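Welcome! Take a moment to look over the model shown below, and then let us walk through it together, one place at a time.

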Amino acid sequence: MTITENQAPAHEIGRARRRKEDARLITGRSRYTDSITLPGMLHLAMVRSPFAHATIRSISTEAAKAAPGVVSVVTGADIADIQGVNINAWPITTDQVTPTHLPVAIEHVAFAGEIVAVVVARSEAEARDAVELVDVDYDELPVVLDAREALKDEVLAHPDLGTNKSAFWQLDSAAQGSGGDVDEAIEKARTDGILIEREYRQQRLVPGFMEPRSVVVDPTGDQLTVWSATQVPHILRFAIAATMGIPESKLRVIAPDVGGGFGGKLQTTPEEFATIALARRLGKPCKFTETRSEAFVTGHHGRDQYQKLTMAATTDGMITGFKVELIADLGAYVAIVGGGVPVLGAWMFNGIYKIPAYQFNCTTVLTNKPWVDAYRGAGRPEAAFGIERMMDELAGEVGADPLEIREKNWIKHEEFPFTTVSGMTYDSGNYEAATARAKELFDYDGLRREQAERRERNDPVQLGIGVSTFTEMCGLAPSRILGSLNYGAGGWEHASVRMLATGTVEVVTGISPHGQGHVTGFSQIVADRLGVPFEDVEILHGDTAIAPKGMDTYGSRSLVVGGEAVVRAADKVIEKAKVIAAHLLEASADDIEFSGGRFGVKGTDKGLGIAEIAAATFTGHNLPDGIEPSLDADATFDPVNFSFPHGTHLCAMEVDTETGAATMRKYACVDDVGVIINPLLVEGQVHGGLVQGIAQALWEGAVYDENGTLVTGSFVDYTLPSAADTISFITDTTVSPSTTNSLGTKGVGEAGTIASTPAVVNAIVDALRPMGIHDIEMPCTPERVWRAIQGASSRSVDETQRDAAPHFEADQPNQDPSATTGGAK
Amino acid sequence: MIPASFDYLAPTSLTDALAALAELAEHGDDAKVLAGGQSLLPILRMRLNAPGVVIDLGKIPELQGISADGDTIVIGAMTPYAAVLASEAVSTHAALLSKAVATVADPQIRHRGTVGGALVHADPAGDVGAPVLALDAELVIAEQAGTTRTVAAADFFEDLFTTAVGEDELLTQIRIPKHTGWGAHYEKFVRVSHQWSIVAVAATVRAEGGSIAEARVGLTNMGSTPLRANAVEQALVGQPATEEAVRAACAQAADGTNPPSDLNGGADYRKHLATVLTRRAVLAAAGA
Ligand SMILES: Cc1cc2nc3c(=O)[nH]c(=O)nc-3n(C[C@H](O)[C@H](O)[C@H](O)COP(=O)(O)OP(=O)(O)OC[C@H]3O[C@@H](n4cnc5c(N)ncnc54)[C@H](O)[C@@H]3O)c2cc1C
């Protein structure tokens, strides 16, 4: 595999086009779900359980029903037969324990914020006023909040299920024949190698999309139109049809402008189901828009894992085995792909490395907290964090530079395609090139010198350098693989290309953009493919009546799967047009060449533009016999493999040892996302992704009190960063074209998020390693860093360095959940 | 996030506002005055409070503006932060207040939020209490039409969210003795930029020939009200503005404080921070 320099833009592909959707969005011409107002529309407000675990004794709705403007107040029992049920589309094992998740609870609530009654009123204000008049009598039950506690089954999140354990899932390289026996490797390392055992905590995160979720339902006759702030209009339609007894053909789901999602809007939500049920029952359009406070407590959350990692290596730092034991907190219910998200880590914990023996174990657990599901990266950031933190630990143990240790173990560029120990085949990549470029941009050697100087003079501000490489499997997903994993749908994507009479082009895609800029990127692809102006391409999406087939947007799939479907549909259009062109030009179809939007006859200067063919097809006056008067074409693309972007990220953090504050000094990353359609869009995805990953390392974390109430329930306490908290990143790309799609592209949406979290934590730990510190739990707050330093200064550095591999000792930072501050997690 | 419904009054003079407050109090009506709304509105919208009447002070000219009265800078209670920041009188004669105000929230909030609203709201993590206290300001409170009393900052803050301003009274002015030529620094410790202070230290120093002649130090979020670090102030007098001397004088910064423990830090950590930040604030104020 060679690195091709980013080619000069032939036409559109490769051009740093500004997003065509932005002018409208930033000048107030947007239309979000909440902006939709229908005649006679009613408004819903939810009565929610303040308790994390309780049985509902009784609900009195009389006072609320009598309140001004109130049309209806219903409990779960009132709509039991029409409310449907929240779906879990990916039971990870056949015996997975999956609690029934009713949109409106009837007898039992399992997290604080669960809906117990719904008020419908003429205005939103009246609905919210009346919520306060609904009187619910609860019997509080004991709560279980921590996944490790939950595994003891002493307190049950759902007493009727008899256990909190939802499922256990394992991948073993010896068993599946993709590698050796990990336990053997560990035993060997224990006697004559290096054994590193660590426990890491992936804290719970709240997806901070800008637009809170909203749903509008219009029941016109037996048709039903649903607008929703969703990433997944097609999946939502399927879920409604499957659980509410509404024929799919009677349902139209529209995702209008959607203000961000990051996975947080790929859920089918209780609020959607409840609004549909009420709109149907009342025969009136209904709207529900959540408040930000509701988004915090009822939207699905991300991450929340305990990771127990064991790495075996030779004394010179060659990895011989890696064992992963995860405990994943699913929250109170198994969300649409909640159980599957941690399992996605199975193929990614081995990272970019050649590991001879590997085992991945994941236990999913129910607790009395909101459900957990995909959040930017979904399972893969957790995996990249685990392996990349361990690589730094290994380097520390060997006493080698962390980049050297990585290089020693990673897949060389000439070894692609490479089948890893977990069984994935990485199509292309060049870790050497990305790393070399990142080192140069970062001034790695210069910063290492400065680090040494600061250590030498005992500077109160120490410098740490964090390394992280990453790869991820994205472009979800080959349907066959999904099938083998028991996933409830396929991973294909659909597109249609329609040549209009006047020469402009309508492209219909089944992906559902919500801020990424797909309309711009896809227009560039089609402009090049068909040789039409960028401005003449219209991308239609997000409405099941316009784009009837699709699998929506998540998992960095839109370009690599959806874009490829568009290319294939466009190619079919060209093939169809060729036949007509040949006829009109009185040439053989074999002699027609298509280039730059023109069908020419080989060896002559005769030719016709694609717009002319479109016009001729429209009139149909002179078509060859038996040819239908249409150039339009559809394509459904099912990928044969994932795509595997990768990158090398380098981060320098200054750690103020007096206050514990860690401040970013420099960040450089070089990502390889294959062929780049629009460098500006890539840059935007990388920057946003970086900040989101850095935020996990430094700032964000959902914290619960002992009753299961979210303490970080607003942006006052849930410290989401703003632009003022970040620095200017240095970004660059290398290009190893993907071989799994014809554009050569790889996903970029999750890249920055995946790599930046371990880069930052590695940098902080690197600054503190001479003090004998091996870990800081995320978010690495100043207080946590300061306490680690306080703890370290009471130990002898010499002693801790010899014992650099703590064997799950209670006094190590991050080892004992009860030793950390900030309440229950 | 919709507040419970309330009536809205917008008096155009201080007299009318006080009369309205008195009348509502007489009828036992629950009223709240609205300044910039940056603390009150979130409270109403999250339905943590539901007053029957909201009295908007935004249309009362007497409560606006910054002026000089001899040796005193006078700031109307309804003056927004942004106006304080833009005021040369404040940056010249009460630099400590400018420095602290510059760290409040973000530009939008600084254009809405007012100094008076912040002082009456009296959030212990708020940034204007400590400088007002350190600068020995006086607060003018209107009791009823035509009757005012003046309270020293030291007596103004009573407890968490509680000040000397009574239910049907209004804060009208903040009077700050000129500290012309004093160096000033506000050292605010936060995790993200738009955050309230975890701990902050307001220090202003009069230097004479390389040593500290006088110092005033106020602490933010080290107890239920803003606090003065009196022991540090005294220890600093006559000290050279050097790292070593200031470090020694600031070691007692957290003495007698009672900081909270929350997500951002335990009380012991805050006490530690207070000593570090006090040293940094004093050194910066002294220009060292
Ligand atoms: C996102 C966000 C971040 C913030 N960050 C910070 C920060 O970092 N540091 C900081 O210091 N502050 C911060 N604040 C608070 C901000 O400074 C508020 O503006 C301030 O606390 C209140 O001022 P206000 O004018 O908005 O008062 P309002 O909210 O209108 O009123 C506050 C209270 O004071 C009463 N009141 C107001 N004026 C008078 C008066 N003249 N007489 C009697 N009673 C009166 C009101 O009845 C109310 O109870 C933040 C606010 C927000 C929304």
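Is B:Thr72 buried or exposed? Keep in mind as you look that this is a predicted model. B:Thr72 has a relative accessible area of 17%, and since buried means under 20%, this residue counts as buried. To find B:Thr72, go to strand 5 of chain B, which covers residues 72–76. Setting aside the neighbours within four places in sequence, B:Thr72 is in contact with B:Ser67, B:Arg175, B:Ile176, B:Pro177 and B:Lys178.

Let us stay in chain B and turn to the ligand. There are 29 residues around the ligand, and those that come nearest are B:Val33, B:Gly37, B:Leu40, B:Tyr81 and B:Thr114. In the case of B:Lys32, an N or O atom of the side chain is 3.2 Å from a ligand oxygen. With B:Ala105 it is the backbone that takes part, as a polar backbone atom there is 3.2 Å from an oxygen atom of the ligand.

Next, see how the two chains meet. On one side are 24 residues of chain B, in contact with 32 residues of chain A. The area buried between the two chains is about 2,300 Å², and carbon and sulfur atoms give 54% of that area. Polar contacts are found here too, with a count of 16 residue pairs between chain B and chain A, both residues being at pLDDT 80 or more. Which part of chain B gives the most to the side that touches chain A? That part is helix 12, residues 267–285, with seven residues. Sorted by class, this side of chain B has 11 nonpolar, seven polar and six charged residues.

Side chains of opposite charge can pair when their charged atoms come close. Across the interface of chain B and chain A there are seven salt bridges. One of them joins B:Arg280 to A:Asp656, with the closest N and O atoms 2.8 Å apart. A:Glu658 and B:Arg279 form a salt bridge as well, and their closest N and O atoms are 2.3 Å apart. This pair crosses between chains: A:Glu658 lies in the loop between strand 26 (646–656) and strand 27 (662–672) of chain A, while B:Arg279 is in helix 12 of chain B. Both A:Glu658 and B:Arg279 are buried. Elsewhere, salt bridges that share partners join B:Asp136, B:Arg206, B:Glu208, B:Glu214, B:Arg216, B:Arg228 and B:Glu233 into one network.

The loop between strand 26 and strand 27 of chain A also holds A:Thr657. At 17% relative accessibility, A:Thr657 counts as buried. The side chain of A:Thr657 reaches the backbone oxygen of A:Pro460 at 2.6 Å. Leaving out residues up to four places away in sequence, A:Thr657 touches A:Pro460, A:Gln462, A:Met771, A:Trp786 and A:Ile789.

Over all chains, the count comes to 73 salt bridges. Within chain A, A:Arg769 pairs with A:Glu393 in a salt bridge whose closest N and O atoms are 2.7 Å apart. A:Arg769 is in the loop between helix 20 (751–768) and helix 21 (782–793), and A:Glu393 is in helix 11 (residues 380–398), so this pair ties together parts that are 376 residues apart in sequence. A:Arg769 is buried at 17% relative accessibility, and A:Glu393 is buried at 2%. For another kind of arrangement, look at A:Glu575 and A:Lys578, whose closest N and O atoms are 3.7 Å apart in a salt bridge. These two are separated by about one helical turn, because they sit three residues apart in helix 17 (residues 558–585) of chain A. A:Glu575 is partly exposed, with a relative accessible area of 46%.

Our last stop is A:Glu211, in the loop between strand 8 (194–205) and strand 9 (214–220) of chain A. A:Glu211 has 9% relative accessibility and counts as buried. A polar atom of the A:Glu211 side chain lies 2.8 Å from the backbone nitrogen of A:Gly259. Beyond its neighbours within four places in sequence, A:Glu211 has contacts that include A:Tyr32, A:Thr33, A:Asp257 and A:Arg292. The C-alpha atoms of A:Glu211 and A:Asp34 are separated by 9.3 Å, although the two residues are 177 residues apart along the chain.

How values were computed: Residues are numbered from 1 along each chain as its sequence is written. Chains are lettered from A and ligands numbered from 1 in the order in which they are written. This is a predicted model: local features need pLDDT of at least 70, side-chain atom pairs count only at pLDDT 80 or more; totals for chains, interfaces and linings use all residues. Side-chain values use heavy atoms; hydrogens and water are left out. Contact means heavy atoms within 4.5 Å. Buried area is the accessible area (1.4 Å probe) that two parts lose on being put together, summed over both. A salt bridge is a side-chain nitrogen of Lys or Arg within 4 Å of a carboxyl oxygen of Asp or Glu. A polar contact is a pair of N or O atoms within 3.5 Å; within protein, one must be able to donate a hydrogen and the other to accept it, and residues adjacent in sequence count only if both atoms are side-chain atoms. Helices (H or I, at least four residues) and strands (E, at least two) are DSSP runs, numbered from the N terminus. Ala, Val, Leu, Ile, Met, Phe, Trp, Tyr, Cys and Pro count as nonpolar, Asp, Glu, Lys and Arg as charged, and the others, Gly among them, as polar. Buried means under 20% relative accessible area, exposed over 50%, partly exposed in between (1.4 Å probe, protein chains only). A residue is near a molecule or strand if one of its heavy atoms lies within 4 Å of it.
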